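Good morning, colleagues. Please take a moment with the sequence and the structure on the screen, and then I shall go through selected parts of them.

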Amino acid sequence: MADSVRRGRLPFRPSALFIQTDRTAVGSVPLVLMVSFFLGLTMALLTGYQLEKFGVERLIPSLIAIAFTRELGPLITGIVLAARIGAAFTAELGTMQVAEEVEAIEAMGIGPLRFLVAPRLVAIVGAMPCLSVCSVIAALIGSCLISWVTLNIVPAFFFDAVLSSLLVNDIVTGFFKAAFFGLVIGLIACFKGLTVQGGAEGVGRATTGSVVMAITSVIGFDSLFNIIVTQYTK
Amino acid sequence: MTETPLVHLNQVVLAFSGRPVLNGIELKIFPRDRLVILGQSGGGKSTMLRLILGILKPTAGEIKYKHLRVNRLSRSKLNLLRSRIGMVYQYSALISSLNVRDNLALPARELGHKPESEIEKLVEEKLALVGMSGTESKMPSELSGGMRKRVSLARALMLDPELILFDEPSAGLDPVMSSVIDELIINLTEKTNTTSVIVTHEMDSAFRIATRIAMLYQGAIIQDGSPEELKSSEDPVVRQFVTGGVEGPMTEQLPDANNT
């Protein structure tokens, strides 16, 4: 792959990146939207129920907006992609490894990193921030609807409060966090896939291991990031 | 003047976790050879092919391809060398997610700078060579074992290699298809002046294809010569392998099932 860059070649084929982006990003939109919509709805419902007692339910829009933009959007998208795409990457590459397809690619003089890993990695790193934005929008719509129905917060007020509470820093933080989570998921999934040993059982074991490790790593890195940010940016 | 070998395995030793697989292999492969490597299952025959391709590195010794030291090449030079060698795998190793056309076009697209129209023409030409014209749009799962082997051979021919390595080309095929593949190997290597190394333990195929046969036993080459020399060999191991006899030094070396 480094050799491709030195020779002025893209480290992946554009057509391969297009295919991987389509399945990683476009294919994951419905699931991310659905999960985030219901999570936003539930969060608004439960926090609204508590905040109403103190008469500060008008804080719901900013609470949801900041929580999802900085934290839950990238996290939920990361968990969904680790399960949906990370598992697919590991199973695919693992099956190719077991069937000697990876070795055949290597034997042809084609770098497996350029042909198999780079398009998947670039696709998931690019997809994560975009899907994270989708997640935030879906969560806001969900919470807006439930706030309107149960707390009488009209959508115009809701979105006005969202826009006035969000800072550029929140958006940028969420964006970079999502891209980093994408890199973590992609690296774990590809590594697990390319190091499969032991036939069909090995593929199954590696796929489970990949999902578990990716989800744990995403949550772990998220916590670490939050600790660092809260300790050093006071 | 002696001919320069295309590949030279010079005192190659290979061990996996301390267990020796190859013990000082000395083998020269000359241009236009059709060298068959015979040996027991699990004896290290396929491992030798992987060593030539640089996929495995020897524990000791040296592998030379012309003047290049395969085990010391950088990644980019090794990839360049691999593009001059074709490999046909035991189970074909076609990319299951790509159709026949894309499988064949893969090395040309990834390694060459040919326009798509030229690659398309090349795919048709190579498929015709192996008698598989008209299967361009089929997926590997739609092909029989013999057809997959032929497509795999066509893919190996895509970059006009100097050397083709065959790992058990007739494994899992019926006798008729096995003969078809053997004939294909003979015709194509003669037509394209290609050197080939064929790993097998099937004697009929070996005698049909080979211009030279090397026998691998307990990690060393114990016989290297023409098929006739192998047939008339007095070595008890070679004789047992050629005749397929139950009694002999090979079976004496096997662990007793009752004692293990």
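This is a predicted model: local features need pLDDT of at least 70, side-chain atom pairs count only at pLDDT 80 or more; totals for chains, interfaces and linings use all residues.

In helix 4 of chain B, three residues are buried: B:Val123, B:Lys126 and B:Leu127. Viewed down the axis of helix 4 of chain B, the buried residues fall within an arc of 100°, so they line one face of the helix. On the other side of helix 4 of chain B, the exposed residues are B:Ser117, B:Glu118, B:Lys121 and B:Ala128.

What covers that buried face? The cover over the buried residues of helix 4 of chain B includes helix 3, residues 100–111, and helix 5, residues 145–157, of chain B.

As to its length, helix 4 of chain B runs over residues 116–129, which is 14 residues. Just after helix 4 of chain B comes B:Gly131, with a positive phi of about 70°.

Let me turn to helix 5 of chain B. Its 13 residues reach 19 Å from the first C-alpha to the last, close to the 18 Å expected at 1.5 Å a residue. Ten of the 13 residues are buried, so helix 5 of chain B is largely enclosed by the rest of the structure. Among these buried residues are the charged B:Arg148, B:Lys149, B:Arg150 and B:Arg155, and they also include B:Val151, B:Leu153 and B:Leu157. Against which elements do the buried residues of helix 5 of chain B pack? They pack against strand 6 (85–88), helix 3, helix 4, strand 7 (163–167) and helix 6 (175–191), of chain B.

Next, the contact between the chains. Chain A brings 13 residues to it and chain B brings 17 residues. On the side of chain A that touches chain B, the largest share, five residues, comes from helix 5 of chain A, residues 101–107. By class, that side of chain A has six nonpolar, two polar and five charged residues.

Finally, the largest nonpolar core. It has 126 residues, of which A:Ile185 and A:Ala214 touch the most other members. Helix 6 of chain A, residues 112–151, gives the most to this core, with 19 residues. Leaving aside residues up to four places away in sequence, A:Ala214 touches A:Ala82, A:Gly86, A:Val184, A:Ile185, A:Ile188 and A:Ala189.

Technical notes:
Residues are numbered from 1 along each chain as its sequence is written. Chains are lettered from A and ligands numbered from 1 in the order in which they are written. Two residues are in contact if their C-beta atoms, placed from the backbone, lie within 7 Å. Helices (H or I, at least four residues) and strands (E, at least two) are DSSP runs, numbered from the N terminus. The expected span of a helix is 1.5 Å times one less than its number of residues. A residue is buried if 20 or more other C-beta atoms lie within 10 Å of its own, exposed if 12 or fewer, and partly exposed in between; C-beta atoms are placed from the backbone. The arc is that of the directions from the helix axis to the C-beta atoms. A nonpolar core is a set of buried Ala, Val, Leu, Ile, Met, Phe, Trp, Tyr and Cys residues joined through C-beta atoms within 7 Å.
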